[in-house]
Amino acid sequence: MHAWRSTWQHLRQFVLPWHCLLCGAAGAEGMDLCADCAAELPRNARCCARCALPLAVPAALCGRCQQHAPPWDAAWAPFRYGWPLDRLEARYKFGGELAAGRVLSTLWQHEPRPPVWPQALLVVPLHGSRLRQRGYNQALELARPLARALGVPLHIDALRRVRPTQAQTELGARARRRNVRGAFALVAGTALPAHVAVLDDVMTTGATLAECVRVLKRAGVQTVDAWALARAPAPGG
Ligand SMILES: [Zn+2]
Ligand SMILES: [Zn+2]
């Protein structure tokens, strides 16, 4: 099913004009989204300098980072997880709509970039059982075109999920940290440069990315950034 669908979606860009996945109008050049809908997506312009948490009022750091800084060196999350970006993300992640993923990755490429650049990109891995169920890793399919556009090598298999975890969406902040503790490992023999970034689709509490960053730092990588397409406001707990 997935193979058939992705083949069709690959072909349709040659036979049909771009059309907006949100409103059905003509798409902007090279993208299945119109300029009006693209402009409506919530940018994460006012956010914590360390963890990219959306802030209601301007401040350098959020309350949590003032108390306890996250393990990564810098975060980049150009969008806020809100309407109508959440609709595209849900269709991509849970509806198997890869065209929505391509739109999201294209949007990401066009956002203002961080000043200091990693030398390699890694993605948060899915456990084998989740990967078989979904058919693709949503973080990886966002990362591929982004890495190409930025000219940064993508290390697809460097990080591995060594045990399945419960879906983070069902858990509070503390339970999320417990849920992912020890869930990731770096594949033996992987050689990484001094500065890398780990990418996920959506960052909520940052627990998953933080656990991946710890694994990389323990392996001796000096600078590790956390990248996500969108940052959600952190849940309580
Ligand atoms: Zn539109
Ligand atoms: Zn913060």
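**Helix packing and aromatic contacts in the predicted model**

The buried residues of helix H8 (residues 173-180) are covered by elements that include strand E6 (184-186) and helix H9 (207-218). Covering is judged by contact, meaning heavy atoms within 4.5 Å, while helices (H or I, at least four residues) and strands (E, at least two) are DSSP runs numbered from the N terminus. The model is predicted, and local features need pLDDT of at least 70, side-chain atom pairs count only at pLDDT 80 or more, and totals for chains, interfaces and linings use all residues. Residues are numbered from 1 along each chain as its sequence is written, chains are lettered from A and ligands numbered from 1 in the order in which they are written, and side-chain values use heavy atoms, with hydrogens and water left out.

In H8, the buried residues (under 20% relative accessible area; exposed is over 50% and partly exposed in between, with a 1.4 Å probe and protein chains only) are Ala 173, Arg 176, Asn 179 and Val 180. Viewed down the helix axis, these residues fall within an arc of 120°, and therefore line one face of H8; the arc is that of the directions from the helix axis to the C-beta atoms. An α-helix has 3.6 residues a turn, so residues three or four places apart point the same way. Arg 174 and Arg 178, on the other side of H8, are exposed. Just after this helix, Gly 182 adopts a positive phi of about 70°.

A helix pair is formed by H5 (residues 98-109) and H7 (residues 138-150), whose axes come within 9 Å and cross at roughly 35°. The axes are lines fitted to C-alpha atoms, for helices over the stretch in contact, with angles running from 0 to 180 degrees between N-to-C directions. The crossing of H5 with H7 is right-handed, the near helix being turned clockwise from the far one by less than a right angle (anticlockwise for left-handed). Gly 101, Leu 104, Ser 105, Trp 108 and Gln 109 of H5 make the contact with Leu 142, Pro 145, Leu 146 and Ala 149 of H7. By class, six of these residues are nonpolar, three are polar and none is charged; Ala, Val, Leu, Ile, Met, Phe, Trp, Tyr, Cys and Pro count as nonpolar, Asp, Glu, Lys and Arg as charged, and the others, Gly among them, as polar. Gln 109 is buried, with a relative accessible area of 16%, and touches Pro 145, Leu 146 and Ala 149 when residues up to four places away in sequence are not counted.

The whole structure holds five aromatic pairs, defined for rings of Phe, Tyr and Trp (its six-membered ring) with centres within 6.5 Å; planes under 30 degrees apart count as stacked, over 60 as edge-to-face and the rest as tilted. The ring centres of Trp 76 and Trp 227 are 4.9 Å apart and the planes lie at 85°, so this pair is edge-to-face. Because Trp 76 belongs to strand E1 (residues 75-76) and Trp 227 to strand E8 (residues 223-231), the pair ties together parts 151 residues apart in sequence. Trp 76 is buried at 8% relative accessibility, as is Trp 227 at 2%. Ring pairs link Trp 76, Trp 108, Trp 117 and Trp 227 into a cluster.

Backbone features were also identified in loops. The peptide bond from Trp 83 to Pro 84 is cis, with omega near -5°, and Pro 84 is found in the loop between strand E2 (79-80) and helix H4 (85-93). Ala 52, a residue other than glycine, has a positive phi near 65°. Ala 52 is placed in the loop between helix H2 (35-40) and helix H3 (63-67) and is buried, with a relative accessible area of 3%.
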